[in-house]
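Please open the model in a viewer and keep the selection panel at hand.

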Amino acid sequence: MVRFDAAHKAVHYPPDRRFRIWIRPSILIGLGIAILSVIVAAWIEVAVAGMPPVPAVPQIYPNNFAGPHGFPVWVRYCHFFNFLFVMMLIRSGLSILMDHPRLYFNDGCTPGSEWIRFTPLKVPRDRIWTAKDDARYISPLVGTPGYRHTIGIARVWHLIDVHGFIITGIVFIIMLFDTEQWRRIVPTSPVVLLQAWNTFVHYATFHLPPEPNGFYGYNALQQIAYFTVVFIFGPLAIATGIAMSPAVVNRFPWYARIFGGRQSARSVHFLTMFSFLAFLVVHVTLIVMTGFARNMNHIVMGTDDLKPIGMYLGFVGIGVVVLSWIVAHYLSWRHPRGLQHALKSVTYPMQILTLNRLQPQQKYTEKEISSYFWPNGKMPVREDWKRLAENGFESFHLKVGGLVEKPVELSLADLERLGEVEHITMHHCIQGWSGIAKWGGIPMQKLIELVQPKPEAKVVAFFSFGEALYGGPYYDTQSLENVRKPQCLLASRMNGERLPQVYGAPLRLRVENQLGYKMVKWIERIEFVESEKLLGKGEGGKNEDDEYFDLLPNI
Ligand SMILES: Nc1nc2c(c(=O)[nH]1)N[C@H]1C(S)=C(S)[C@@H](COP(=O)(O)O)O[C@H]1N2
Ligand SMILES: [Mo]
């Protein structure tokens with residue numbers, strides 16, 4: 001157990017660490033019926049027509065020695081690295097999931113509309129319940145880094161790891177088609193489907209079909225399973241991961257719609273993870289049951305014999321993977337800043353060149369506005385904010401200063417006179433929830449024209465009346481370049497009305513190509529500076545300083 005100070009313990013290791021899974025009953029029943037009916041069909045077939053034949057040799061190439069066979073060294077290495085990366089993706093993914101432990105098929109994430117939740121709590125409606133309040137604990141034995149609300153570091157592992165996962169996948173697929181090996185896992189005849197069903201009938205009625213010896217070929221069901229994992233689950237996991245990027249979805253809203261919306265994409269992303277896990281369980285079970293030593297020699301040594309060496313080295317390989325979790329845990333809690341910077345060195349230059357260039361251009365309709373919008377953050381407790389709130393922020397003056405030619409102090413009415421615009425956009429919180437709302441306010445570009453930043457001003461800092469999770473005023477920064485983009489607003493209105501207090505009154509930022517934490521609420525003042533390094537701990541914002549979030553969260 002990591003030793004926390006009181007403030008961190010309250011967040012990471014709260015007294016309520018219960019874990020519950022609730023699934024919408026209709027989904028559970030539907031799934032139960034679907035699974036049961038195929039199993040019953042198998043039993044009926046066996047009762048009526050007897051056990052269907054399954055050829056002992058692979059059906060794709062009748063003379064199995066003529067076709068591609070064996071496990072070349074690249075297959076074995078890809079297999080190991082894939083296992084290493086997938087396990088870390090799953091572990092860090094679970095930590096991320098628990099930060100908003102509900103999955104939906106609607107982009108508004110209305111509490112109660114989730115199809116599955118991993119928390120015993122129903123969202124209370126009689127008080128403010130923020131998304132942060134809703135985050136759940138996960139044991140560090142299961143998640144990386146585990147505990148509660150450790151999403152900054154969980155994302156570091158997830159996003160560094162996914163590079164390894166993708167590179168392994170690309171190498172594997174190139175080699176697969178560069179050799180004849182692809183024929184081993186790509187079904188090329190519809191007969192395979194029939195034979196896969198016949199094979200399934202064996203398993204479903206508790207029989208083992210004839211073992212084809214995977215060195216030379218797989219049975220049809222195995223072939224389809226491997227094909228599905230490589231060519232469907234892998235790409236789907238990547239594609240749905242991208243569908244959660246605010247930069248991508250706000251530039252190409254149709255992309256999320258391919259998966260049925262942003263939250264459906266998140267649900268599918270979860271389901272691919274679940275499918276990988278389910279595959280792993282069945283795969284390992286069958287490897288043990290159908291000749292463990294021989295199978296291990298195949299995938300570890302590339303030989304087809306019964307010597308124990310493959311088994312021993314295989315266990316060492318599994319040990320290395322488990323060791324990677326222990327090392328990740330150690331690094332997460334001892335060197336989080338180093339990890340944050342490691343991810344930054346990989347993603348920051350890449351995002352500046354790619355995702356961050358996309359210009360937000362969302363056009364949602366009034367009808368798509370979410371009926372619910374999760375709140376986040378701590379309401380300001382400062383007396384001056386409370387006094388301003390009492391008279392509807394009439395006496396509020398936004399201070400804009402720093403490296404500008406013309407520092408100004410503007411009331412809400414002054415701001416309004418700069419020319420307000422409205423956009424209906426989708427908000428993406430780092431925790432996983434989203435919501436569609438109409439935001440009204442003045443484009444940051446207008447304010448920039450007014451104050452005229454000096455040439456050395458590169459960064460705009462937004463300071464809040466509100467406190468951050470671990471205390472101290474909340475702030476965040478944007479590059480001057482990014483706030484010039486369309487749809488970047490200093491918002492004073494939400495869904496056609498004055499910005500409600502919970503959602504950031506009197507002013508909040510909207511930057512549609514980044515995650516929610518960049519959008520400071522309860523803005524008190526704006527300062528133009530040379531670099532974000534001059535503020536706070538120098539990471540670019542309060543969450544970046546204290547929670548190791550990314551400086552540039554386009555994804
Ligand atoms: N001052 C301040 N602004 C903040 C936060 C905060 O904690 N304090 N949370 C951020 C996060 S994490 C999100 S997702 C959005 C949430 O905006 P909402 O409450 O309108 O949904 O506000 C952002 N702005
Ligand atoms: Mo957030």
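Begin by selecting H149, which is buried at a relative accessible area of 5%; buried means under 20% relative accessible area, exposed over 50%, and partly exposed in between, with a 1.4 Å probe and protein chains only. This is a predicted model, in which local features need pLDDT of at least 70 and side-chain atom pairs count only at pLDDT 80 or more, while totals for chains, interfaces and linings use all residues. Residues are numbered from 1 along each chain as its sequence is written, chains are lettered from A and ligands numbered from 1 in the order in which they are written, and side-chain values use heavy atoms, with hydrogens and water left out.

**Backbone stops**

H149 has a positive phi of about 50 degrees, although it is not a glycine. Its place is the loop between β5 and α5 (151-178); helices (H or I, at least four residues) and strands (E, at least two) are DSSP runs numbered from the N terminus. Next, select T144 and P145, which are joined by a cis peptide bond with omega about 0 degrees. P145 lies in the loop from β4 (137-138) to β5 (147-148).

Move to N495, a non-glycine residue whose phi is positive, at about 50 degrees. N495 is partly exposed, at 33% relative accessibility, and sits in the loop between β12 (489-494) and β13. Then select A505 and P506, where the cis peptide bond has an omega of about 5 degrees. P506 belongs to the loop between β13 (497-498) and β14 (508-510). Most residues other than glycine have a negative phi, and most peptide bonds are trans.

**Ligand 1**

Select ligand 1 and the 19 residues around it, taking those with a heavy atom within 4 Å. W374, N376, R508, M519 and K521 come nearest.

- a ligand oxygen 2.6 Å from a side-chain N or O atom of R508;
- a ligand nitrogen 2.9 Å from a side-chain N or O atom of S464;
- a ligand oxygen 2.9 Å from a polar backbone atom of N376.

Taken alone, ligand 1 exposes 530 Å², of which the protein buries 98%; areas come from the Shrake-Rupley method with a 1.4 Å probe.

**Cysteines**

Which cysteine sulfur is closest to that of C109? It is the sulfur of C429, 9.6 Å away and therefore too far for a bond, a disulfide being a pair of cysteine sulfur atoms within 2.5 Å. C109 is buried at 0% relative accessible area, and C429 is buried at 6%. The whole structure contains zero disulfides.

Definitions and conventions: Polar contact = N/O pair within 3.5 Å; in protein donor to acceptor, adjacent residues only side chain to side chain.
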